[in-house]
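Work through the exercises below with the sequence and the model side by side. Try each task before you read its solution.

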Amino acid sequence: MLKFYFALWVSKFSSLIFRILAKVSSRKGTNLPGQIALNICPDFLTKVGKPEKIIAVTGTNGKTTTANFVSNILEDNGKRVINNRAGSNIASGIATALLSGVGLRNKTKGDVAVLEVDERSAPRVFPYVHPDYFVITNLLRDTTNREPHPHFVFELFDKSLPDTTLMVLNGDDILASRLKKDNKRLYYGIESLDGDRDSSFNIINDMRVCPECHTPLEFSHVRYNHIGKVKCPSCGLCSPEADFDLKAIDLKDRKITVRESDGDKTYPLISESSFHLYDELAAIAVLRAYGLSSDEVAASFSKLKVLESRYREDVIGGVKVVAHMAKGQTAPACSVVFDHVRGLEGKKEIVLAIEDAHKNIHSSENMAFLYDTDFEFLNDDDIERIVVVGVRAKDILCRLLIAGIPAEKIATVESEDDILDVLELREGLDVYILYEVYQIVIYNKIKALIERAMEGKADEN
């Protein structure tokens, strides 16, 4: 134990130093204390003090939003929550979070830990940190250079999760719903809604055939990719019945109705986006399993909204400007956002900032995801202009042309500083800025440029 306590004290001291540095400079280092602890004591995650209950949250898309929902609602109900939202979701980030929740004698200060876990980190986390609840939002095709196929990620989870964990699974994801088949489980899902299709309409669908007998699956309805209700006509495999079943959405009163074991419950509607509906439902399911009442969950949800780093709206000089994250290098995430935006009322200008060149040495030169992404959704009469921003704008331009979008509707700029040269900016024409996960800074820059432009127009009038 001497090595462990040495690691604990050294990393505690380093954490203090990093917090001081963060106040006087732009340096972050949020997961470095955990990395130091793991370097000194490789089994640090096993020995560090942990709360009585641990909730792990993961998935290709939605894990950050879901984990934040769960943390915020638990805190709103008086629970002392340890989480890693200030750090990373890999092993060192989780070590940093747990480190922050103990004192120098390794006594935990939390009632519950809510840990967002990166898919690839599962084998390095779950053998040492045993979650009581495991929440998964979906398993979809992700970045080519990290997680080339959801079946690969499935195996990582299936082999590393403990047999004692309660699985809280998306019942509308026929792949994710099969994880740890012998564990106790709860399912959440959404009944057929207006706008659902009866067959897969995306370029990508990684569950076209039955995983048991390889017969083509039949969908009663599809929300996106392979997310929906399915049945195998040969062996009878089908989507499980949901324990938390979203029955209806009331857009006027911003409420959803969820069928639960003890009757129908009503919760605030956070967002009508497909991803966010599932995120909210996943949070409801695990919070109810944890022991909160439906009234407690609903009251806390009424105080929440989707993170502004994921979605926000502003009205500038009569022009609605919307920021919506579209996870770069991830075809399903971009496709769902494109589909959602085209379905919204009103004329639109779209700004695409979905490349990852800003990551420098971590940037991927593999642009294959463009051809897995449904850019065809942007070929819509209500979308009057598409502006592509970035050094790889010509790659995306090529894909837009292949999608059948007229060349005269498309403009490309390498820098957001030039974007006002190609945006029309008139009242009644909404601007949607669709940005890669770390590119919220682009939105802030474009927003500032639009504000100055609209102020100039106001002065002219």
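**Exercise 1. The end of a helix**

Solution. Step two: know what you are looking at. This is a predicted model, where local features need pLDDT of at least 70, side-chain atom pairs count only at pLDDT 80 or more, and totals for chains, interfaces and linings use all residues. Residues are numbered from 1 along each chain as its sequence is written, and side-chain values use heavy atoms, with hydrogens and water left out. Step three: helices (H or I, at least four residues) and strands (E, at least two) are DSSP runs, numbered from the N terminus.

**Exercise 2. Two sides of α11**

Task: Which residues of helix α11 are buried, and which are exposed on the other side?

Solution. Buried means under 20% relative accessible area, exposed over 50%, and partly exposed in between (1.4 Å probe, protein chains only). Step two: α11 spans residues 393–402, and its buried residues are Ala393, Ile396, Arg399 and Leu400. Step three: look down the axis of α11. The buried residues fall within an arc of 120°, so they line one face of the helix. The arc is that of the directions from the helix axis to the C-beta atoms. Step four: turn to the other side of α11. Lys394 and Ile402 are exposed there. Step five: find the cover. The buried residues of α11 are covered by elements including β14 (347–353), β15 (383–389) and β16 (410–413).

**Exercise 3. Positive phi without glycine**

Task: Lys180 and His214 are not glycines. What is the phi of Lys180, and what is that of His214?

Solution. Step one: recall the rule. Most residues other than glycine have a negative phi. Step two: take Lys180. Its phi is positive, about 45°. Lys180 sits in the loop between β5 (166–170) and β6 (185–190). Its relative accessibility is 10%, so Lys180 counts as buried. Step three: take His214. Its phi is also positive, about 70°. The loop between β6 and β7 (218–224) holds His214. With 58% relative accessibility, His214 counts as exposed.

**Exercise 4. Distance in sequence and in space**

Task: How many Å separate the C-alpha atoms of Val129 and Pro233, and how many separate those of Tyr435 and Val351?

Solution. At 2% relative accessibility, Val129 counts as buried. Step two: list its contacts (heavy atoms within 4.5 Å). Leaving out residues up to four places away in sequence, Val129 touches Leu45, Lys50, Ile54, Leu98 and Leu115. Step three: Val129 and Pro233 are 104 residues apart in sequence, and their C-alpha atoms are 40 Å apart. Step four: Tyr435 belongs to strand β17 (residues 429–435). At 0% relative accessibility, Tyr435 counts as buried. Tyr435 and Val351 are 84 residues apart along the chain, with 8.1 Å between their C-alpha atoms.

**Exercise 5. The whole chain**

Task: How many helices and strands does the chain have, and what share of its residues is buried?

Solution. Step one: count 12 helices and 17 strands. Step two: of the 461 residues, 55% are buried. Step three: the C-alpha atoms fill a box of roughly 70 × 60 × 40 Å, taken along the principal axes.
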